[in-house]
Amino acid sequence: MTNYFENENGSIEQNAKVVILGFLISMIFVVYVLKLFSLQVIEGAQYRKQSQTISSQVKTIDAQRGEIFDRNASMAMVVNTDSFAIDLIPAEIPQGHYDSVTTRLALYLGISKNEIDKKIPASLRKSYTTVEVKSNIPFSTISNIAENITDLPGVSWRSKPVRSYVETGSISHVVGYVGDITKEEVKVMYNITDNDGRRVYSNKSIVGKTGIEKQYDLQLQGIQGRESRTVDVRGHVISDTPIIEPPQMGKNLVLTIDMRIQELAEKALGERVGAAVVLRPADGEVLAMVSYPFYNQNIFNSDNASEEYEKLRTGNNQPMLNRVVNAAYPPASTFKIIMSTAMLAEMAFPSYRDILCTGRVDYGNRIFHCHQKWGHGKLDMKEALAQSCDVYYWEIGRDYLGVDKISSYAREFGFGESLSIDLPAQQSGFVPTAPWKERRFHQKWLGGDTMNMSIGQGYTLVTPLHVANMVAMVTNEGKIYRPHLLKEIRDPSTNEVIEEVKPELLHESNIDSSVWKEVKNAMRYTITDGTPAFPLNNKVVQIAGKTGTAEVGSADHWHSWMACYAPFNAPVEDQVVVVVLVEAANEWEWWAPYATNIIFQGIFANQNYEEAVEALPANVKEVIRSRKHARGRAE
């Protein structure tokens, strides 16, 4: 009996264990099925994407930047030259052969092995990551490497276009140059995308550093292509047939610059530290922008680009400085155009009334000397502007206008403000006020300060482009258009115009048209009967304008200005503004008026520099020929 119950209890116990075991197995199976369902269905898309990433090796194919043309769009000023880059995948080098392979590669590339080691430190030597060893490789070097590729495992090459600047010289300041993207630039640009949501920039991008190349970098950047190959988890290529998404070239830019006028202005300025700008007042198009000294952008394609950059950065007279927009100077007597306009608009003093110039003004404890020390005698406004009489404008500024009105009219002409030209950097200049002086120097504004300001000396600072816009405002009778360098954006394949830049009104004055007409007549009289009558003698076109001579430091150093427009009395659509500045760094030769005459002669007679000089009156031509080889002191 006892055995029976013992057997029955054992059977029940065994059955319970079987049930429990079955239950556990069932639960495990259910959990497994649920997990499998989750992996395949719920999380399947994520893992499939991850699997594709792991099993695909993607290489980028560099896109060519858009080309840059002058306004005639007939021949590119900036193109792309075919070149190559050498890449190395360290893990594809057999173990123990790294030093021999890289030594051999360095020999072919003409560099030291140490340069390769810097790019491939010990921590990367088992990596399948592609490392660019060197770019800008000529085809002859690629041929040598190809013939010996069996001795160079892990080495490959690819096409990598190099920016080539066909037009160099003074256009360098306008166009700018490109270079490798920096870490700081990557942080700023990394999230910039195109219209399809693709990132434009990577840590291997070539980007604009200055000028148009930088200002319109996003438009010039192409869209990189992709080459995908199937690889195993270690990066070994499984399929030799790549999937290729071709790159797309960047947009082409057509500038407002006319290279014929650019070269004319460059030669007219010569090897003199200074600037020249030619502007269409009717729409703000810049036809020429010259700054001397300049540089050759192609040096940045060389292996020693950093050394060349340092030479330019620390060189005499700052060759990388665009003096048209990034250097500020006292406007000197060109400011008398603003003074005349303010006097007439405010009806502060009748333009027909005379002021006596004896050559000096005694004010406070100072004696102010006019540039003509024996005096001009009695002058009205037209004569005062033509002879650039300081005494006349000292009295007008101090006794009839005052600093507040002078400052207000200077700003009316755009002084002291950015002109918003499409370049990445520009000076705003400066227009002083009485409160500013008190804050800055803890001194009251004095009558002597007003006198200095009235003739464009003192604290007022402007760029040559500000002066060009000042003249444009006169010719436009109160309107200033935003100066710009971009004319059109074009499709690189079809040459279709994608975007055309329209004139943009920056400012419109309510000054009466009669004021502008009187100022224009006075500017024309300045050329025919005033101080620049001889150097601006021209039979082809009638010129109107104003000279300026700004004293710098000691009494024998001056900046020389010439600010003009032509043809006088023509519709504004047919007129151009020319401003030339020659810095005090040059030996004094009063060159700005002569350079301006050459530029006008060349523009309106459709002549180059040599033809324009030859066509000028004999006495003017003789002076130009005697001075055309003059160089700056630092040259």
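This is a predicted model: local features need pLDDT of at least 70, side-chain atom pairs count only at pLDDT 80 or more; totals for chains, interfaces and linings use all residues.

Me: What volume does the second largest pocket have?

Reply: The second largest pocket comes out at about 890 Å³. It is lined by 25 residues, and those closest to its centre are His371, Asp390, Thr549, Glu551 and Trp558.

Me: Nice. How many of the lining residues are nonpolar, polar or charged?

Reply: The lining of that pocket has 12 polar, 9 nonpolar and 4 charged residues. At least two lining residues each come from strand E17 (366–369), helix H15 (390–401) and strand E23 (544–551).

Me: Switching topic: which residues touch the most other members in the largest nonpolar core?

Reply: Those are Met289, Tyr392, Leu485 and Met523, in a core of 98 residues. Helix H19 (residues 464–475) gives the largest share of this core, with 8 residues.

Me: And what does Tyr392 touch?

Reply: Leaving out residues up to four places away in sequence, Tyr392 touches Met343, Phe349, Arg353, Ile355, Leu379, Asp380, Met381 and Ala384. There is also a second, separate core of 37 residues, with Ala265, Tyr292, Ala566 and Val576 among them.

Me: Last one, Asn597: buried or exposed?

Reply: Asn597 counts as buried, because its relative accessibility is 0%. Asn597 sits in helix H21 (residues 592–604).

Me: Which side chain does Asn597 make a polar contact with?

Reply: The side chain of Asn538, at 2.7 Å. Beyond four places in sequence, Asn597 also touches residues including Pro535, Ile543, Leu616 and Val620.

Note on methods. Residues are numbered from 1 along each chain as its sequence is written. Side-chain values use heavy atoms; hydrogens and water are left out. On a 1 Å grid over the protein atoms alone, a cavity is a set of points where a 1.4 Å probe fits but cannot get out, and a pocket is an open set with protein on both sides within 12 Å along at least five of seven lines; lining residues have an atom within 4 Å of a point. Grid points are joined across faces, edges and corners, and a volume is the space filled by probe spheres set on the points. Helices (H or I, at least four residues) and strands (E, at least two) are DSSP runs, numbered from the N terminus. Ala, Val, Leu, Ile, Met, Phe, Trp, Tyr, Cys and Pro count as nonpolar, Asp, Glu, Lys and Arg as charged, and the others, Gly among them, as polar. A nonpolar core is a set of buried Ala, Val, Leu, Ile, Met, Phe, Trp, Tyr and Cys residues joined through side-chain atoms within 4.5 Å. Buried means under 20% relative accessible area, exposed over 50%, partly exposed in between (1.4 Å probe, protein chains only). Contact means heavy atoms within 4.5 Å. A polar contact is a pair of N or O atoms within 3.5 Å; within protein, one must be able to donate a hydrogen and the other to accept it, and residues adjacent in sequence count only if both atoms are side-chain atoms.
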